[in-house]
Amino acid sequence: MGYHVIEGRTAIVPVIIGDDTKAMEIWRELFENGIFVNVFIPPATPPNKAMLRNSFMATHEDSQLDQIIDCYYRSGKRLGLID
């Protein structure tokens with residue numbers, strides 16, 4: 001999709017947003033759509049490394065994952081983070 005995702009073999013998937021304000025905007029939009037993620041901004045991250053930490057479980061259904069992806073897509077497009 002175009003986001004910088006920190007790869008790993010864990011249920012925690014960090015998505016680097018960079019800009020603090022944009023990270024908070026995406027966090028709020030996700031929350032308003034029933035999706036809870038943790039947002040981290042400085043001083044919890046280095047400057048310009050604001051991130052959203054997603055936690056996934058085996059019990060998430062495909063429809064729930066599709067909703068999350070769709071919300072990230074719409075937010076990223078609106079904020080100019082992805083093409």
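**Salt bridges, sheet and helix packing in the predicted model**

Arginine 74 and aspartate 70 lie four residues apart in helix 2, so about one helical turn separates them. (Helices are DSSP runs of H or I with at least four residues, strands are DSSP runs of E with at least two, and both are numbered from the N terminus.) The structure is a predicted model, in which local features require pLDDT of at least 70 and side-chain atom pairs count only at pLDDT 80 or more, whereas totals for chains, interfaces and linings use all residues. Residues are numbered from 1 along each chain as its sequence is written, and side-chain values use heavy atoms, with hydrogens and water left out.

Glutamate 29 counts as buried, at 13% relative accessibility. A network of salt bridges links Glu25, Glu29, Asp70, Arg74 and Arg78. Five salt bridges are found in the whole structure.

The sheet is open and consists of four strands in the order 1-2-4-3, with antiparallel pairing; pairing requires at least two DSSP bridges between two strands. Strand 1 (4-5) and strand 3 (38-40) are the edge strands, each pairing on one side only. Helix 1 packs on the sheet, where it touches strand 2, strand 3 and strand 4, and its direction makes about 30° with that of strand 4. (Contact means heavy atoms within 4.5 Å; axes are lines fitted to C-alpha atoms, for helices over the stretch in contact, and angles run from 0 to 180 degrees between N-to-C directions.) A hairpin of six connecting residues joins strand 1 to strand 2, and these strands pair over two bridges, with valine 5 facing valine 15 as its bridge partner. Six bridges connect strand 2 (residues 12-18) with strand 4 (residues 50-55); proline 14 stands opposite arginine 53, and glycine 18 opposite alanine 50. Five of the seven residues of strand 2 are buried.

Isoleucine 26 is located in helix 1 (residues 20-32) and counts as buried, at 0% relative accessibility. Residues up to four places away in sequence aside, isoleucine 26 touches Tyr3, Ile17, Leu52, Tyr72, Ser75, Leu79 and Leu81. The C-alpha atoms of isoleucine 26 and cysteine 71 are 8.5 Å apart, across 45 residues of sequence.

The loop between strand 3 and strand 4 contains proline 43 and asparagine 48. The peptide bond from proline 42 to proline 43 is cis, with omega near 10°. Asparagine 48 has phi near 65°, a positive value in a residue other than glycine, and counts as exposed at 62% relative accessibility.

Note on methods:
Buried means under 20% relative accessible area, exposed over 50%, partly exposed in between (1.4 Å probe, protein chains only). A salt bridge is a side-chain nitrogen of Lys or Arg within 4 Å of a carboxyl oxygen of Asp or Glu.
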